[in-house]
Structures are given as C-alpha cells and as structure tokens.
Amino acid sequence: MFDFFLILQYGYAPKGSSVILYRSHELRHHQFFVSTDWTGGIYACPTIPGSRSGGIIAGCWTAMMYLGEEGYVDCTRKIIETRQYIEEGLRKINGIFVYGEPEVSVVGLGSDDFDIFGLGNELIEKGWNLNSLQFPSGIHMCVTMPVTQPGVADQFIKNVKESAEKILKNPQKKTTGGGAIYGMAQQIPDRSMVAELACSYVDSLYMTPKPTQSQTNGHVKQ
C-alpha cells in the first residue's frame with residue numbers, strides 16, 4: 001500500500017525528515033487534516049501535526065545531493081564491513097551470543113549466563129549507548145558512519161569483552177538502573193500497565209516545578 005523511508009538515519013538528513021510513498025491519491029488522503037467548520041475558514045493541511053519547517057526538507061535535499069549515489073554506496077560498504085568485523089569479534093567473547101545472522105548494520109546481543117541489561121549498563125558507563133530489546137531480552141549495536149572510523153570498532157569489542165568478564169565474576173548480581181526497569185517491564189503480562197508507565201514517563205518530561213513566591217515572570221526578586 002505504501003513505502004516509508006526514514007532518511008534521517010542512513011540518509012544522513014536532519015532529524016524529522018522522512019518520505020512516505022503512497023500507491024494512490026485516495027490512500028494519501030488519510031494523512032491529511034481538514035476542518036470545514038473552523039471559524040477562521042476552511043483549513044486543510046497535508047499532515048495531522050500541521051505545517052512543517054522548510055529547513056528540514058532543504059537539509060534533507062542537501063544531504064542527498066552532497067552524498068549522491070556513489071556516496072551512499074560507499075557509506076553502505078563501510079558500515080557492512082564494520083558490522084562484520086564487530087560481529088566476528090563479539091562471537092569470540094565468553095558469556096554472550098549474537099542473535100541470528102546479521103546482514104546489514106545491526107548486531108543484537110543476548111546472554112544465557114547473566115542479565116544482558118547489566119552488560120548494557122556497563123557499556124553506558126564506558127560511553128556507549130546501546131538500545132535495549134525485549135521478547136527476547138537483548139541489546140544491540142547499530143553501526144553508523146562514526147563507528148566505521150579507525151579504532152572505534154576495536155574499542156567497542158574491547159569494552160564488551162572487559163564488561164562481560166567483569167559480570168561473569170558475579171553473574172547473579174542484580175541489574176540496577178535503566179536496565180533493571182527494562183527487564184522488569186517485559187515481565188508484566190498486562191501490557192496496558194506498561195503503556196501507562198511509559199505515558200507517565202513522557203508526562204514527566206513536560207512537568208515543570210511550580211515557581212516559588214520569590215519568582216515572578218521567570219525573574220528572581222532581589
């Protein structure tokens with residue numbers, strides 16, 4: 001029915017840029033927002049969120065024109081070669097395993113010996129930010145162009161090896177922090193509760209402390 005592309009990721013375009021291709025005009029109408037009874041007149045917009053900045057579109061076009069087909073092919077080659085190198089190194093580390101047979105840019109890790117989210121926490125402390133996975137539990141490395149730079153892949157493999165060896169000294173140690181929360185959430189059978197917790201987290205991002213009596217219009221009274 002349609003194809004969807006997130007150009008912001010491996011297209012190296014600004015965040016917020018994406019492309020969706022519809023098979024027909026009728027399908028495309030489902031993304032429109034139209035209000036015919038607004039007191040300001042008939043309002044029609046190509047997307048539900050409203051108008052978008054032209055800067056994002058311009059940035060996306062600039063990135064694509066700058067890299068071109070040869071540039072994207074070269075980036076793809078470097079990413080796949082780096083992923084293969086990382087995968088080979090990770091498969092040699094005790095205590096962890098690689099999920100499936102990666103083909104492009106992502107390497108998923110699991111463990112039968114310890115809580116894999118604990119490994120994620122250890123890597124965060126070393127400066128890495130890996131995504132957590134659920135059903136089954138895991139973490140994954142998404143190889144992008146910065147990871148293809150000299151020495152980065154070797155440093156990552158080294159850090160994973162060091163962290164796994166540390167955890168294996170006490171594999172039953174309970175995971176704390178974000179890893180513990182993620183592991184607990186996937187064990188809750190009622191997924192609506194998990195959704196409520198997620199909404200509460202997003203709500204907290206919008207919360208601001210109530211101003212004290214000494215604050216007025218953002219300024220502190222002297």
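**Close-up views of a predicted model**

**View 1. Ring pairs link F33, W38 and Y43 into a cluster.** Rings of Phe, Tyr and Trp (its six-membered ring) pair if their centres lie within 6.5 Å; planes under 30 degrees apart are stacked, over 60 edge-to-face, and the rest tilted. The structure holds five aromatic pairs. This is a predicted model: local features need pLDDT of at least 70, side-chain atom pairs count only at pLDDT 80 or more, and totals for chains, interfaces and linings use all residues. Residues are numbered from 1 along each chain as its sequence is written, and side-chain values use heavy atoms, leaving out hydrogens and water.

**View 2. Y12 and Y72 form a stacked pair.** Their ring centres are 6.4 Å apart and their planes meet at 15°. Y12 sits in the loop between α1 and β2, and Y72 in helix α3, so the pair ties together parts 60 residues apart in sequence. Helices (H or I, at least four residues) and strands (E, at least two) are DSSP runs, numbered from the N terminus. Y12 is partly exposed, at 27% relative accessible area. Buried means under 20%, exposed over 50%, and partly exposed in between (1.4 Å probe, protein chains only).

**View 3. S17 is buried in the loop between α1 (7–10) and β2 (19–22).** Its relative accessibility is 4%. A polar atom of the S17 side chain lies 2.7 Å from the backbone oxygen of P14. Neighbours within four places in sequence aside, S17 is in contact (heavy atoms within 4.5 Å) with L6, I7, L8, R52, I56 and C60.

**View 4. Helix α3 has a kink of about 85°, centred on G68.** The bend at a residue is the angle between axes fitted to the seven residues ending there and the seven starting there. A straight helix of 37 residues would span 54 Å at 1.5 Å a residue. The end C-alpha atoms of α3 span only 43 Å. Its buried residues include C60, Y72, I86 and L90. Among the elements covering the buried residues of α3 are α1, β5 (97–98), β6 and α5.

**View 5. The largest nonpolar core has 27 residues.** Such a core is a set of buried Ala, Val, Leu, Ile, Met, Phe, Trp, Tyr and Cys residues joined through side-chain atoms within 4.5 Å. L90, L119 and F156 have the most contacts inside it. Two or more residues each come from α3 (54–90), β6 (106–110), α4 (116–125), β8 (138–142) and α5 (152–168). Helix α5 gives the most, with six residues. F156 touches I86, L90, L123, W128, L130 and M141, not counting residues up to four places away in sequence.

Definitions and conventions: A polar contact is a pair of N or O atoms within 3.5 Å; within protein, one must be able to donate a hydrogen and the other to accept it, and residues adjacent in sequence count only if both atoms are side-chain atoms. The expected span of a helix is 1.5 Å times one less than its number of residues.
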